[in-house]
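I am opening these notebook entries to keep track of what I looked up, one topic at a time.

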Amino acid sequence: MACKIFAIVAGSLLVVGLRGQAQAVNQRAPDTQAEYAAHMARAQDDLRARRPDLAIPELEAAVKLEPANIDTQANLGVLLFFQGKPADAIPHLRAAVEADPSLAKIQGILGLAQLHVQDTDQGRKNLEAALPEITDQRFEVQVGLELVGSYTKTGELDQAARVLTQLRKTAPDNPEVLYAAYRTYYDLSGEARLALSLAAPDSPQMHQLLAHEEIKEGNTNKAIAQFRQAIAMDPRLPGVHYELGELLNTSGDPAIRKEAESEFQRALQEEPQNEQALCSLAAIVAQRGDIQQAYADYSRAVGLQPADATARLGLAKALIDMNQPAKALPQLEKAVQLEPTDALAHYRLALLYRRTGHPEKVQEQLDLFKQYKRMKDKLRALYTDLLIQPKEVQEDSQDKQDSK
């Protein structure tokens with residue numbers, strides 16, 4: 001006799017087929033066979049009626065008659081777990097996994113049950129083993145977040161971050177995953193900040209860190225002072241000249257923005273492969289009207305980092321200013337591909353399509369421009385209410401000013 005048991009798992013149906021059931025039945029005495037079949041039929045009916053509480057005793061009776069049946073053990077364990085009885089579920093889930101290690105879902109539930117009864121080591125081992133093999137995205141996220149929570153509780157943030165790296169690939173838009181990532185990376189940042197303050201409280205790196213903390217608080221002048229202190233202590237400190245240049249470049253004072261240019265040049269002297277500093281310099285010289293130099297800088301930046309959307313967009317703008325729209329088009333298309341939420345890039349691409357004779361593509365880009373502009377406007381309003389200006393919103397505002 002062959003049948004299937006349907007066990008309710010986290011709001012969805014987990015199907016565990018009763019493989020080899022007919023063969024197992026034929027090896028039993030007729031009376032035992034009939035009794036087993038009756039229990040399984042009643043369990044199946046109870047589950048179809050959404051009555052797992054009634055199905056559990058039927059499956060328990062069936063397991064006593066056929067303890068080697070993997071699927072019956074697995075389904076009983078699943079039902080017990082989701083009925084709030086993890087300790088009772090563990091022996092059945094473990095028996096199924098030991099008999100068939102390929103049952104990733106069952107191993108995942110076993111790990112969850114073990115965490116619930118504070119068997120942390122075994123729970124983590126089973127969740128870690130199951131996670132890469134789970135094909136159901138919803139359950140993978142559930143297992144992964146439980147694992148992240150377990151590591152976070154014991155302060156093992158590196159392990160939590162490693163799991164989150166996998167989850168962000170699987171479910172990049174899942175808000176639970178994104179929030180868990182935010183909390184974990186924030187805690188890692190705080191842990192590193194504390195460690196640095198204890199190990200080297202007056203180091204150039206500490207002043208560089210304090211500069212970033214001042215930026216987050218909106219204290220631009222204090223941040224500049226911290227960067228300058230770090231440079232005074234170590235002029236070759238990696239990244240510091242570029243970071244100071246970026247901060248100075250936000251000023252409306254031409255003299256201060258001139259200092260920013262000097263910092264970008266120093267950044268390139270220290271690291272000739274720094275395409276971000278090249279892009280910043282290119283933007284400055286473009287504003288001065290030196291399009292040829294901007295074109296040269298952006299071209300070099302694209303050569304250093306082909307996946308830099310800012311460099312591609314800058315190169316396209318330079319080519320347009322040089323009246324070479326045909327050459328600008330592939331650069332702008334690539335920039336939009338690399339950074340699809342850049343509203344201004346979509347608008348420029350729409351104009352360029354119209355200019356280069358592709359009218360059928362114009363409206364699509366205008367629609368995307370409106371879509372992402374609305375999104376950015378909502379973000380800007382939200383962050384303004386919270387008195388926060390994330391880098392993406394700052395850059396979007398700066399792009400609007402530069403395009404005027």
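The entries below go from the nonpolar cores to the aromatic rings and then to the salt bridges.

**Ground rules.** I note that this is a predicted model, in which local features need pLDDT of at least 70 and side-chain atom pairs count only at pLDDT 80 or more, while totals for chains, interfaces and linings use all residues. Residues are numbered from 1 along each chain as its sequence is written, and side-chain values use heavy atoms, with hydrogens and water left out.

**Nonpolar cores.** I looked up the cores, each a set of buried Ala, Val, Leu, Ile, Met, Phe, Trp, Tyr and Cys residues joined through side-chain atoms within 4.5 Å; buried means under 20% relative accessible area, exposed over 50%, and partly exposed in between, with a 1.4 Å probe and protein chains only. The largest nonpolar core has 47 residues, and the members that touch the most others are Leu-93, Ile-106, Val-163 and Leu-164. I then followed Leu-93, counting as contact any heavy atoms within 4.5 Å: leaving aside neighbours within four places in sequence, Leu-93 is in contact with Gln-73, Ala-74, Gly-77, Val-78, Ile-106, Ile-109, Leu-110 and Ala-113. Another core, of 44 residues, lies apart from this one and includes Tyr-242, Leu-247, Cys-279 and Leu-281.

**Aromatic rings.** I counted rings of Phe, Tyr and Trp (its six-membered ring) as a pair if their centres lie within 6.5 Å, with planes under 30 degrees apart called stacked, over 60 edge-to-face and the rest tilted. By this rule there are five aromatic pairs. One of them joins Phe-81 and Phe-82 edge-to-face, at 4.9 Å centre to centre and with 85° between the planes. Phe-81 is buried at 9% relative accessibility, whereas Phe-82 is partly exposed at 28%. The pair of Tyr-182 and Tyr-186 is tilted, because the planes stand at 35°, with the ring centres 5.9 Å apart.

Tyr-186 lies in helix α10 (residues 175-199), where helices are DSSP runs of H or I with at least four residues, numbered from the N terminus. Tyr-182 and Tyr-186 are four residues apart in helix α10, so about one helical turn separates them. Tyr-182 is partly exposed at 48%, and so is Tyr-186 at 45%. Together with Tyr-179, these two form one aromatic cluster.

**Salt bridges.** I took as a salt bridge a side-chain nitrogen of Lys or Arg within 4 Å of a carboxyl oxygen of Asp or Glu, and the search of the whole structure finds twelve. In one of them Asp-53 meets Arg-51, with the closest N and O atoms 2.7 Å apart; Asp-53 is partly exposed at 36% relative accessible area, and Arg-51 is partly exposed at 36%.

Which parts of the chain does the pair of Arg-228 and Glu-259 link? The two side chains meet at 2.8 Å, N to O, and they link distant parts of the chain, with Arg-228 in helix α12 (residues 220-233) and Glu-259 in helix α14 (residues 254-270), 31 residues apart.

Arg-236 and Glu-270 form a salt bridge at 3.4 Å, N to O. This pair also links distant parts of the chain, 34 residues apart, with Arg-236 in the loop between α12 and α13 (240-248) and Glu-270 in helix α14. Arg-236 is exposed at 60% relative accessible area, while Glu-270 is partly exposed at 34%.

Note on methods:
Helix = DSSP H or I, 4+ residues; strand = E, 2+ residues; numbered from the N terminus.
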